[in-house]
Structures are given as structure tokens and as C-alpha cells.
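The sequence and structure are shown first, and the discussion follows.

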Amino acid sequence: MDKLVYLYYIILPVLLFFGAKIMKKGEWNEDVMSFDHTKAFLGFASIIIIFHHTSQRTCAPWLNPVHIHHGLDAFIYIGYLFVAVFLLCSGYGMYSAHTKEGFFNKFFIRRILPLIIPTVIMWFVFYGAEKMMHVRVEKPIIINTYSYCWYIPCMIWLYLAFYISFHLVKKEKAQLPVLWALVILYMVLAAIFSPGTWWLNTTHLFAVGVGLSKNKEKRFERYKKGYALRIIIYAVVAAVFFYISNYYMDFLIMSGKMYNPVVNALIRLIGQLISAYAFAILVMLIGMKVKIGNKVLSFLGRFTLETYLVHPFFVHVFCFAFIMDFAKPIFYIENQFLYVLAIIALSLPIAFVLNKLTSPLKKFNNK
């Protein structure tokens, strides 16, 4: 076991809370859902997602025991919780900005194209690595990597759903219900056609974020009442349903006590839907009293999407196998500490460059 890997359990909290300010009694962080504050946390969340994916290629219980190296076990199941915060903040921010003049102008170019371009670039990178290294994979590279890229079609759907609901639907009272209907439709389609619950277990947080932004004055005043009790309730709900939907369900399935795949999938999904919601609200509640922010988090928060897209390539390049478990490795780093370090060191600068390439599109307007 690589004991150095446990240094990350110290480094990550330092990264998150360095420079943080704790509000005094009676004071509140009124910037909890501001652009800068949410971007700071999402920068941290993007790093957690890297740890999540590396843990699934080093110590996940479904791997061949010969490839398992423990140390990152705490990150195996937590990825969707941080994606839930991404989507909550995305929905909140989009509603907050949609009343600005010209928000819906060139919507496809400014919102959709910056999602598609880096995705296509990374597909070509995966394809090039496959061919240059003569790695045999079972399916076309686009299909083999779509487990990581699920976030892109999800965000495209959500952006288009928001466009339909708040631009094409003129009746104000109908806008949020239409958005919820489109989000639920996506979840149903994902449940039928997707390979797993990660395609749909956090999507509802986008609509929750929109609703929170739409009624923010009332909601935050309500959250301030019985604040400590709310923290406890959301923490307990998040922990209990996270445990049930992941660890306990895996224990039951592996022991053979639950054998109906439909029931298994339904229990897991319900648990993840509830724990994702509770965790995202819990993070926001904590943010009402703890204001985070430092230069590193601000920097990381500028290109979270690109970080999400780039890092899976290096997760596989340095893994025991490229894409498929039976494929040969490209450059296997067995030491977990160095494995994570190499992924982060290469992913972040490339993600930053990708962000710079697409930033002109995000600023594109009628002028």
C-alpha cells in the first residue's frame, strides 16, 4: 500500500478552507450563491471528481483483485454528490442571468458549442492514442468514453430545456413547471437507454437550482430559521441515503440477498436522488456561514468543464489498462500518489488551454 496517498486527505481540506472566513453569530454570507463563491467551490469539486475517477481505476470492488490498491477508497462513490452541486449552481446561475439583455441571443453558439467543441477534441485525442499505441478496444472510442461524457448531452438537454421554458414559454407561471417536465423527461429517457444511474441521479438539481434562484429571498430567509437543525437534518439524510444506495446496496447484492435487478436499480436510484439533493443543499447551507475562496480555487473554478473532460484521458493513460480492462496499458503508474499527481499535473494546464480556445464563443454576441 502506498502510504503517501493519504497526504491527499490532508491537502484537500487545506485547499478548500485556506483563506475561508467563518461568519459570526447573526452574520450570514450573503454571497453564498454568487458567481465567485460558487466557482470557488466548483473548482474544488472538479478536483474531487478526478479523485473519484482515479479511485474507480485503483480500488473499486468490481476490479480484478490483482489491480486493487487501497488508499482512495473514500472517493469511490462520492462523484455524483459533487456533480449535484455543479448542477444546482448551474441552474441557479442561469436563472439569475437570464433577465439580462441579450441573454438568449446566439444561445447555441454561446452555450451549446462550447460544450461540444472540447468534447469532440477529447474524442479525437482518445482515438489517436488508441491507434498510435495499437491498443485494441472492444467498441468505437466514442462509445467507450461516453460513460465519462454523459455530462455533455445532459447539459445540452438542460440548456435547451431552459431556453424553451424561459424564452419560448411566455406565461411566467408555466415556465418552471415546463422546465421540470423536460428534466423529468430526460431522466425517464436516461433510465431507459443509459448504462447506469449516473446519467440521471443529479439532473433534478438543475431545476432545483432554478427554483431556488427564482424564489431566493423567501428561501434564504427560511433557511436562516432553525439553521442548526436544518444542517443536522440535511447531513443525516444525505449520509443515510448515500450509505443505503451505495455501500448497503452493494453489500446486499454481493451477498445474494437482493436478486431482482429492477428493484435493486430502483432502490439505488431513489437513494441517490435523495442523497444528491440533500448534499447539494447541505453544501449551500454550510456556505451561508463559511465563506471560502483563495487564488487556487478561483483559478480552478474558471475551467471546471474542461477539467472534467480532459482528466479521463490521463486516468486511462496511466491506468493498468487503457479504456477496457483487458486492453494493454499505455504507461502504467502503479503508485497511487504519483498516479493522481500525474493526472492533475497534465489535466489542469490542458483544460486551461481548452477553456481559452472556447472562451471567445462564450462571449459571442450580436455585435
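How many cavities of 30 Å³ or more does the count come to? The count comes to one cavity of 30 Å³ or more. The model is a predicted one, and the values below are computed from it.

## Overall architecture

The protein contains 14 helices and two strands. Along the principal axes, its C-alpha trace spans about 55 × 50 × 45 Å. The radius of gyration is 21 Å, which agrees with the value near 21 Å for a compact globule of 367 residues.

Of the 367 residues, 52% count as buried. Among contacts with a separation of 6 or more, 78% are between residues 24 or more positions apart. The protein exposes about 18100 Å², and carbon and sulfur atoms supply 69% of that area.

## The largest cavity

The largest cavity holds about 70 Å³ of space. Its lining includes Arg57, Thr58, His67 and His69. Phe318, Cys319 and Phe320 also line this cavity, as do Tyr332, Ile333, Glu334, Gln336 and Tyr339. By class, the lining of the largest cavity comprises six nonpolar, four polar and two charged residues.

## The largest pocket

The largest pocket has a volume of about 1600 Å³. Its lining is made up of 46 residues, and those nearest the pocket centre are Phe35, Lys39, Arg111, Tyr159 and Lys362. Two or more lining residues come from each of α2 (35-56), α3 (79-97), α4 (107-132), α6 (151-168), α13 (304-317) and α14 (336-362).

Which element gives the most to the lining of the largest pocket? Helix α3 does, with nine residues. By class, the pocket lining has 19 nonpolar, 14 polar and 13 charged residues.

Leu297 is located in helix α12, which covers residues 295-300. Its relative accessible area is 0%, so Leu297 is buried. Beyond its neighbours within four places in sequence, Leu297 is in contact with Leu15, Leu16, Lys39, Ala40, Gly43, Phe44 and Ile292. One of these partners, Lys39, is also among the residues nearest the centre of the largest pocket. Between Leu297 and Gly93 the C-alpha to C-alpha distance is 18 Å, and the two are 204 residues apart in sequence.

Phe337 belongs to helix α14. Is Phe337 buried or exposed? Phe337 is buried, because its relative accessible area of 15% falls under the 20% limit. With residues up to four places away in sequence not counted, Phe337 touches Asp2, Leu4, Val5, Leu7 and Tyr8. The C-alpha atoms of Phe337 and Tyr6 are separated by 8.2 Å, although these residues are 331 apart along the chain.

## Residues with accessible surface

Ala228 lies in helix α10, which covers residues 227-255. Ala228 counts as exposed because its relative accessibility is 51%, and the limit for that class is over 50%.

Arg302 occupies the loop between α12 and α13. With a relative accessible area of 47%, Arg302 is partly exposed. Apart from residues up to four places away in sequence, Arg302 touches Phe352, Asn355 and Lys356. Arg302 and Gly26 are 276 residues apart in sequence, and their C-alpha atoms are 32 Å apart in space.

Where does Lys106 lie? Lys106 is in the loop between α3 and α4; these two helices both contribute to the lining of the largest pocket. Lys106 has a positive phi of about 50°, although it is not a glycine. Its relative accessibility is 37%, so Lys106 counts as partly exposed.

Definitions and conventions. Residues numbered from 1 in each chain as written. Predicted model: local features only at pLDDT ≥ 70, side-chain atom pairs only at ≥ 80, totals over all residues. Heavy atoms only, no water. 1 Å grid on protein atoms, 1.4 Å probe; cavity = no way out; pocket = protein on both sides within 12 Å on 5 of 7 lines; lining within 4 Å. Points joined across faces, edges and corners; volume = space filled by probe spheres on them. Helix = DSSP H or I, 4+ residues; strand = E, 2+ residues; numbered from the N terminus. Nonpolar A, V, L, I, M, F, W, Y, C, P; charged D, E, K, R; others polar. Buried < 20%, exposed > 50% of the residue type's maximum accessible area, 1.4 Å probe, protein only. Contact = heavy atoms within 4.5 Å. Rg over C-alpha atoms; globule rule 2.2 N^0.38 Å. Areas by Shrake-Rupley, 256 points an atom, 1.4 Å probe, with all protein chains shown as cover.
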